[in-house]
Amino acid sequence: MKCCALIISVITFLSGCSSLAGPGRKSASSWQIAAEKVGAPTTPDSKRCANLMTKVAFPIYPQYLRDRGVEGWVVVAFELDGSGKPSNTRVLHSKPERAFDRAAVEALEKTHFKEGAVKEDCESVSTFVIYGE
């Protein structure tokens, strides 16, 4: 049976919580479970910019990595210059290194933000997780 792939791109305001749902725990969303499964990092509240998003573009899971069962995450830093598009995008960290970088950056560059929003220190966390068999 084929595996199903799930990619979750989260601008960091969503990545602050990292607990999984389970006995004695509050419920967790699929992005929280995916982030914990692959050990994705969390970032400070000051770098969260999701509240400024107007259109989200999700990364495409590279087929060759999915076929090999490779999972991981990417942290991309960016700025908002008021144009509604992220600028100065750069990968800060990724695991496995460079495996998902292009997919994460391309998706972020297709994401739209509120026009007039200016912020120099934003981050996006994308997780790449395979579920099922």
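This is a short talk on the fold of one protein chain.

Good morning. First, what are we looking at? The model is predicted. The mean pLDDT of the chain is 83. Of its residues, 78% reach 70 or more. One stretch needs care. Over residues 10-26, pLDDT stays under 50. The model does have 45 contacts for that stretch, counted beyond four places in sequence. Still, where pLDDT is low, the predicted coordinates should not be read in detail.

Now the layout. The chain has three helices and six strands. How do the elements run from the N terminus on? The order is β-α-β-α-β-β-α-β-β. The chain has 133 residues, and 44% of them are buried.

What about contacts along the chain? Take the contacts between residues at least 6 apart in sequence. Of these, 77% join residues at least 24 apart.

On to the inside. In soluble globular proteins, nonpolar side chains tend to be buried together. Here the largest nonpolar core has 19 residues. Which of them touch the most other members? They are Phe 78, Leu 80 and Phe 100.

A disulfide is a covalent bond between the sulfur atoms of two cysteines. The count for this model comes to one disulfide. Where do the two partners sit? Cys 49 is in the loop between α1 (30-38) and β2 (53-55), and Cys 122 is in strand β6. They are 73 residues apart, so the pair links distant parts of the chain. The angle about the S-S bond is -80°, and the link is left-handed. Are these cysteines buried or exposed? Cys 49 has 0% relative accessibility, so it counts as buried. Cys 122 is buried too, with a relative accessible area of 0%.

Next, helix α1. Which of its residues are buried? They are Trp 31, Gln 32, Ala 34, Ala 35 and Val 38. Seen down the axis of α1, these buried residues fall within an arc of 165°, so they line one face of the helix. Just after α1 comes Gly 39, with a positive phi of about 70°.

Last stop: Pro 62. This residue is in the loop between β2 and α2 (63-67). Is Pro 62 buried or exposed? At 16% relative accessibility, under the 20% cut-off, Pro 62 counts as buried. What does it touch beyond its neighbours within four places in sequence? Pro 62 is in contact with Phe 100, Ala 103 and Phe 128. Now compare positions with Arg 102. Pro 62 and Arg 102 are 40 residues apart along the chain, and their C-alpha atoms are separated by 9.4 Å.

That is the tour. Thank you.

Conventions
Residues are numbered from 1 along each chain as its sequence is written. This is a predicted model: local features need pLDDT of at least 70, side-chain atom pairs count only at pLDDT 80 or more; totals for chains, interfaces and linings use all residues. Side-chain values use heavy atoms; hydrogens and water are left out. pLDDT is the predictor's confidence in each residue, from 0 to 100. Contact means heavy atoms within 4.5 Å. Helices (H or I, at least four residues) and strands (E, at least two) are DSSP runs, numbered from the N terminus. Buried means under 20% relative accessible area, exposed over 50%, partly exposed in between (1.4 Å probe, protein chains only). A nonpolar core is a set of buried Ala, Val, Leu, Ile, Met, Phe, Trp, Tyr and Cys residues joined through side-chain atoms within 4.5 Å. A disulfide is a pair of cysteine sulfur atoms within 2.5 Å. The arc is that of the directions from the helix axis to the C-beta atoms.
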